[in-house]
Amino acid sequence: MTTDSHHATSTELSQVVNALRNATKILVLTGAGVSAESNIPTFRGEGGWWRSQNPQELATFTAFNKDPHFVWKWYDYRRGLVAAASPNPAHRALAAFENSDREVFIITQNVDDLHEKAGSSHVVHVHGSIWTVICLKDGTSYEDRRVPLPELPPRCACGGILRPGVVWFDEDIPPAACAEIEAYFRRVKIDMVLVIGTEATFDYIRDWALRAKNSGALLVEINPSETALTPYVDVRVGGKAGEILAEIEKSVH
Ligand code: NAD
């Protein structure tokens, strides 16, 4: 995607602020960019590569199957980054948009827990959580927040190798997350969709955004660069999520 030289103007910001003031149902789709200002690198951005490895090749079941120890080293390092991270003004603004009249439903591709730490109450993790481990032998799944992990790969009490509870590039998204999102679409008439810090390369992300737009929601994108969704958005706010959302939060109340 090309880097956009276009920066947020007050017209675009006030369009978003006005729409937010009147909106009662807001869908938010977030990607790695929303956590970039919390020092968690995006895969494609600066600092995303690890030990000269391309994350898009490491984040696969194939890579894990070939060398679980190496892939776990990368996850152990990333768990350290996430453990040390705090929500930035973008996460905080999204949490602050919730009130008794306004429901904010967040679908995140992030495996960190910064939306929850900021106080958002409806968050669906379509790509799982970096704090979950799943046993490859008995299938149990549980939370393990130890950083660093005492042994790599970590093992389940049954002796089986544990894997990170995340969705890799060669895997499908969890049916439970899809069911929750379907139920949301059936229940809610969405007023506004905010797509923040994601390339929108996955077809399901584009589909959810366009489905809401086609049923009447205003589609807004916040990203310093253009994305696969840019041609379809009603309002594009070019810039960093933390900076833009902090501005919006100041004006909306
Ligand atoms: P992505 O689709 O998440 O893209 C990152 C996007 O963020 C880009 O469009 C970039 O322009 C934008 N961006 C960068 N800095 C920004 C900022 N300050 N404000 C707003 N937008 C900004 O793609 P990816 O990074 O290749 O990640 C692929 C997948 O890997 C993700 O969907 C996620 O599942 C996982 N991932 C998760 C985390 C995390 O949990 N924090 C971090 C990296 C990757």
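Let's start with Trp208, which is buried at a relative accessible area of 6%; buried here means under 20%, exposed means over 50%, and partly exposed is in between, with a 1.4 Å probe and protein chains only. Keep in mind that this is a predicted model, where local features need pLDDT of at least 70, side-chain atom pairs count only at pLDDT 80 or more, and totals for chains, interfaces and linings use all residues. Residues are numbered from 1 along each chain as its sequence is written, and side-chain values use heavy atoms, with hydrogens and water left out.

A search of the whole structure turns up 15 aromatic pairs. In one of them, the ring centres of Tyr204 and Trp208 are 5.7 Å apart and the planes meet at 55°, so this pair is tilted. For the cut-offs, rings of Phe, Tyr and Trp (its six-membered ring) pair if their centres lie within 6.5 Å, and planes under 30 degrees apart are stacked, over 60 edge-to-face, and the rest tilted. Tyr204 and Trp208 are 4 residues apart in helix 9 (residues 203-214), which puts about one helical turn between them. Helices (H or I, at least four residues) and strands (E, at least two) are DSSP runs, numbered from the N terminus.

Both residues also belong to one aromatic cluster, made up of Phe43, Phe61, Phe64, Trp72, Trp74, Tyr75, Trp168, Phe169, Phe202, Tyr204 and Trp208. One member, Trp74, has Arg78 lying over its face, 4.5 Å from the ring centre. Elsewhere, Arg211 has its charged end over the ring of Phe185, at 4.4 Å from the centre. A charge sits over a ring if NZ of Lys or CZ of Arg is within 6 Å of the ring centre and within 35 degrees of the ring normal.

Now for the ligand. There are 25 residues around it, and Arg44, Gln109, Asp112, His127 and Asn223 come nearest; to be near, a residue needs a heavy atom within 4 Å. This shell divides into 9 nonpolar, 11 polar and 5 charged residues, where Ala, Val, Leu, Ile, Met, Phe, Trp, Tyr, Cys and Pro count as nonpolar, Asp, Glu, Lys and Arg as charged, and the others, Gly among them, as polar. Helix 2 (residues 33-36) gives the most to the shell, with 3 residues.

Look at individual atoms next. The side chain of Arg44 brings an N or O atom to 2.7 Å from a ligand oxygen. Ala241 uses a backbone N or O atom, 2.9 Å from a nitrogen of the ligand, and a backbone N or O atom of Gly33 is 3.4 Å from a ligand oxygen. Taken alone, the ligand exposes 840 Å², and the protein buries 93% of that.

The peptide bond between Val147 and Pro148 is cis, with omega about -10°, and Pro148 lies in the loop between strand 5 (141-143) and strand 6 (162-166). Pro153 is found in the loop between strand 5 and strand 6 too, and the bond from Leu152 to Pro153 is cis, with omega near -10°.

Arg51 isn't a glycine, yet its phi is positive, at about 50°. Ser52, not a glycine either, has a positive phi of about 55°. Arg51 is exposed at 51% relative accessible area, and Ser52 is exposed at 65%.

Note on methods: Polar contact = N/O pair within 3.5 Å; in protein donor to acceptor, adjacent residues only side chain to side chain. Areas by Shrake-Rupley, 256 points an atom, 1.4 Å probe, with all protein chains shown as cover.
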